[in-house]
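Please read this briefing with the structure open beside it.

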Amino acid sequence: MNSFAHIDSTYPVSGTAYASKKQPSTTTQTNGFKPTYIDGAGVLVRGDPVEVAELNYIFNDLYEQAANIDRILTAKGK
């Protein structure tokens, strides 16, 4: 399941190339993505737009971290 996030691809979109992975901005990495929610007055508050390329980047990073933990545990015989 984790292979989709490892694949580097570009897609032609409106005369330009769209990468399959894109690192979220430093601000986003610090603060996270603001979710969409309904406030106390019942008003829909839109969250931050999230690009698929940013999600792929995050998944790829998580899968790499998990693989690294597996390598460490395997090296320790666990």
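Valine 13 stands opposite threonine 16 in β2, and threonine 10 stands opposite alanine 19 in β2. The strands β1 and β2 pair in the antiparallel sense over four bridges; two strands count as paired if DSSP finds at least two bridges between them. Helices (H or I, at least four residues) and strands (E, at least two) are DSSP runs, numbered from the N terminus.

This is a predicted model, in which local features need pLDDT of at least 70 and side-chain atom pairs count only at pLDDT 80 or more, while totals for chains, interfaces and linings use all residues. Residues are numbered from 1 along each chain as its sequence is written, and side-chain values use heavy atoms, with hydrogens and water left out.

**The hairpin**

- The hairpin of β1 and β2 has two residues between the strands.
- Serine 14 is found in the loop between β1 and β2.
- Serine 14 has a positive phi of about 50°, although serine 14 is not a glycine.
- Serine 14 counts as exposed because its relative accessible area is 78%; exposed means over 50%, buried means under 20%, and partly exposed lies in between (1.4 Å probe, protein chains only).
- In a regular strand, the side chains alternate between the two faces of the sheet.

**Salt bridges**

- A search of the whole structure finds two salt bridges, a salt bridge being a side-chain nitrogen of Lys or Arg within 4 Å of a carboxyl oxygen of Asp or Glu.
- Aspartate 8 forms a salt bridge with lysine 21, and the closest N and O atoms are 2.8 Å apart.
- That pair links distant parts of the chain, 13 residues apart: aspartate 8 is in the loop between α1 (3–6) and β1 (10–13), and lysine 21 is in the loop between β2 (16–19) and α2 (26–31).
- Are the two partners buried or exposed? Aspartate 8 is exposed because its relative accessible area is 62%, whereas lysine 21 counts as buried at 19%.
- Glutamate 51 and lysine 22 also meet through their side chains in a salt bridge (2.8 Å, N to O).
- This pair too links distant parts of the chain, 29 residues apart, with glutamate 51 in the loop between β4 and α3 and lysine 22 in the loop between β2 and α2.
- Glutamate 51 has a relative accessible area of 29%, so glutamate 51 is partly exposed.
- Lysine 22, at 37% relative accessibility, is therefore partly exposed as well.

**Around lysine 21**

- The side chain of lysine 21 reaches the backbone oxygen of histidine 6 at 3.3 Å. A polar contact is a pair of N or O atoms within 3.5 Å; within protein, one must be able to donate a hydrogen and the other to accept it, and residues adjacent in sequence count only if both atoms are side-chain atoms.
- Which residues does lysine 21 touch, not counting residues up to four places away in sequence? They are Ala5, His6, Ile7, Asp8, Ala53, Asn56, Tyr57 and Asn60, where contact means heavy atoms within 4.5 Å.

**Helix α3**

- Asparagine 56 lies in helix α3 (residues 52–75).
- Asparagine 56 counts as buried because its relative accessibility is 14%.
- A polar atom of the side chain of asparagine 56 lies 3.0 Å from the backbone oxygen of serine 20.
- Asparagine 56 touches Phe4, Ala5, Ser20 and Lys21, leaving aside residues up to four places away in sequence.
- Aspartate 61 is also found in helix α3, and aspartate 61 is partly exposed because its relative accessibility is 31%.
- The C-alpha atoms of aspartate 61 and threonine 10 are separated by 18 Å, and the two residues are 51 apart along the chain.

**A nonpolar patch**

- Phe4, Val50, Leu55, Ile58, Phe59 and Leu62 form a nonpolar patch on the surface, with about 450 Å² of accessible area together.
- Patches are made of residues with over 30% relative accessible area and no salt bridge; like charges are joined within 9 Å, and nonpolar side chains (Val, Leu, Ile, Met, Phe, Trp, Tyr) within 5 Å.
- Accessible areas come from the Shrake-Rupley method with a 1.4 Å probe, and for residues only the protein chains shown count as cover.
- Helix α3 gives the most to the nonpolar patch, with four residues.
- Valine 50 is in the loop between β4 (44–45) and α3, and valine 50 counts as partly exposed because its relative accessibility is 35%.
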